[in-house]
Structure formats: C-alpha cells, structure tokens
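I opened my notebook beside the model today. My plan was to look things up one at a time and write down what I found.

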Amino acid sequence: MNASVSKESLDARDRPARLTVGVVGAGRVGPALAASLQLAGHRPVAVSGVSDASRRRAAALLPDVPLVEPAEVLARAELVLLTVPDDVLPRLVEGLVETGAVRPGQLLVHTSGRYGTRVLDPALRVGALPLALHPAMTFTGTAVDVQRLAGCSFGVTAPDELRLAAEALVIEMGGEPEWIAEEARPLYHAALALGANHLVTLVAQSMELLTKAGVAAPDRMLGPLLGAALDNALRSGDAALTGPVARGDAGTVAAHIDELRTHAPQAVAGYVAMARATADRALAHGLLKAELAEDLLVVLADQERRPGGPGPGETR
C-alpha cells in the first residue's frame, strides 16, 4: 500500500479489492470504518454483532455482508477490525487466540483509544500483525460517519515494520495519522474524553437550564456562541477565556451557584469544579488579576464548605 496516496486519488472502480475485511463488533465504529475501506477498494466479507441495533447498523452500512460469529469473521477476512468496548477487548483477543481463530499474517486492527498494540500481544505471538487505529471522532452509527472520516485524525500505534501499512489504511479511510506512543495511549484517550465527552454533558446541561429560563430554542441560541467559543479556543487556547470567572466577577459567580442550587442542584458540583479550573488557568496566563481572584476563590471555597455538603448529584 502506498502511504503517499490520498484517498481522493484512489478510484476503487479501476482496481480489484486488495484485502478482505471483517468486523468483530458492529457498534457505531466498525461498520463505518469497513464501509470507508470498501470505498477505497477493499472488500468487506463478514461482520459479527449481538444486539438488534448492531445488526441493523451492519445491514445499513454493509448491505449484503453476512452476519456471522466472530470466529467465522476471522476465518474469512485478511484484515479484521476489532471494534468492541475497551473493557471487552483484552478478553476478546485472548479468546480468539485460544480458540485458534487468529491466523499468521492476519492484520488485526483495534479501534480503542485506551490501548496501543500491547493488548494484541497474544495474537502477535501466533503470527498476527497488530495495529491500533483510533479515530478521534464521535460516531452516530449512520452513513454520515463515513463522510466525517474525511480529515479525521487517527491515533495510531504500530510496530515499526507496520507503520507504512497503518498510515496507508488511515489515509485510505480519509483520515490523518497521528502517531501515539504505546505508553501515551491512556493520556491521549483521557485528553479526548475530557474535551469531547464532557463537552456533550456541558452543552446538554446548558440547554436544560436555558429551557427552564424560558428560552424556546436553546440549541439555536447556543449554536453560534459555542461555535465561536470552540473556534477561539482552538485558535488561541487560554487567551480565549471570557466570562465572569476570567474577569473575576465573584458576585456573579455566587449568584450563578445560588440559582443552580435552586433549579439544577445536580449541576452545582460541575460548575464549581470548572470555575475553579478556569480561574487557575486564567491566573496562570495573566488574564485574571490576583486581587480579583482572591474574592472569586473565596466564593468557590465557601460553596465547597457549604453546610449540609454537596447537593443531589454533587461530589464531596
């Protein structure tokens, strides 16, 4: 495979399929990656899925590809995508090896952000070729995911002799490879979860509060604001901080917390924690004056020591 060739320059109609592809775990990720590889000229031949939802996803994204047991997926495919939850992956690999399903020379690709290739060591010992290709993208389980892979970064961990193969597969899926060292995988994954997963929680809470405040279309109100905030943050980092915490408006922050205690007590702990983290970063970067920070930090400390402890859903 030629790692220097972009996906756009590859025409699947003008060449035979080069690898048969199987998917073990038809969650939101596996069928989308297999469909993308199909566009690049590879041939999906088998997929396994347990739930009704996973079977529907496989049928929608990989029509005419048979649903079979995991061992049969490995028997049919030269390239196998292991797209199962992180906590399931080690046991799955061990089980496939113990049952003799893994063949020498077979490409085993997992998509876990947490793990590098070490989790595939049992398969490596029987001659399989291990790759860790984690797309830094949220998936819906629909055809839109295939389009979103264009320009998506992949966290890639691979043995030196397989780096070109890993890079080529990512490029063929429309992605951009980003090399992650084995020991850095947990930190890499924590960073993505902190940004993407927690962002969803924050946005959902914000929409709920706006609805309680009488806003008819909170998504329409938040869209431009959050889009600008994200763009500014990606461009400028901490210099993009705005709002009452960055300004040191302790009275406003106290009023916010009082309102949250009344209308959304489950959101107080998150607000206080994020306000403290924001204050620390604003101070460190000279955006928040020390004299203003003192009053703000007193307010936050008082909320943490408030009699009766944290409200419902809060942590001590």
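**Entry 1: strand 1**

I began with strand 1 and strand 2, which run parallel and are joined by 5 bridges. Two strands count as paired if DSSP finds at least two bridges between them. Helices (H or I, at least four residues) and strands (E, at least two) are DSSP runs, numbered from the N terminus. In this pair, Gly 22 stands opposite Ala 46 of strand 2.

This is a predicted model, so I noted that local features need pLDDT of at least 70, that side-chain atom pairs count only at pLDDT 80 or more, and that totals for chains, interfaces and linings use all residues. Residues are numbered from 1 along each chain as its sequence is written, and side-chain values use heavy atoms, with hydrogens and water left out.

Is strand 1 buried or exposed? I found 5 of the 5 residues of strand 1 (residues 20-24) buried, so the rest of the structure largely encloses it. Buried means under 20% relative accessible area, exposed over 50%, and partly exposed in between (1.4 Å probe, protein chains only). Thr 20, Gly 22 and Val 24 lie on one side of strand 1, Val 21 and Val 23 on the other. Both faces are covered.

In what order do the strands of the open sheet come? I read 2-1-3-4-5-6-7 for the 7 strands, with mixed pairing. Strand 2 (43-48) and strand 7 (176-179) are the edge strands, each pairing on one side only. From one strand to the next, the twist averages 25°. Axes here are lines fitted to C-alpha atoms, for helices over the stretch in contact, and angles run from 0 to 180 degrees between N-to-C directions.

**Entry 2: strand 4 and its partners**

I moved on to strand 4 (residues 107-110), which runs parallel to strand 5 (residues 129-135) and is joined to it by 4 bridges. Strand 3 (residues 79-82) also pairs with strand 4 in the parallel sense, over 4 bridges. Which residues stand across from His 110? In strand 5 I found Ala 132 opposite His 110, and His 110 is the bridge partner of Leu 82. Leu 107 and Val 109 point one way from strand 4, Leu 108 and His 110 the other way, and all are buried.

Helix 8 (residues 185-212) lies across strand 4, strand 5 and strand 6 (153-157). Helix 8 runs at about 20° to strand 5.

**Entry 3: two loop residues**

I looked up Leu 162 in the loop between strand 6 and helix 7 (163-172). Leu 162 is buried, with a relative accessible area of 10%. What does Leu 162 touch, not counting residues up to four places away in sequence? I listed Leu 129, Pro 130 and Leu 131. Contact means heavy atoms within 4.5 Å. Leu 162 and Leu 131 are 31 residues apart along the chain, and their C-alpha atoms are separated by 7.7 Å.

Asp 64 sits in the loop between helix 2 (52-61) and helix 3 (70-76). Asp 64 is exposed, with a relative accessible area of 81%. Its phi is positive, about 75°, although Asp 64 is not a glycine. Most residues other than glycine have a negative phi.

**Entry 4: the whole protein**

I counted 13 helices and 7 strands. Buried residues make up 43% of the 316 residues. The C-alpha atoms fill a box of roughly 65 × 40 × 40 Å, taken along the principal axes.
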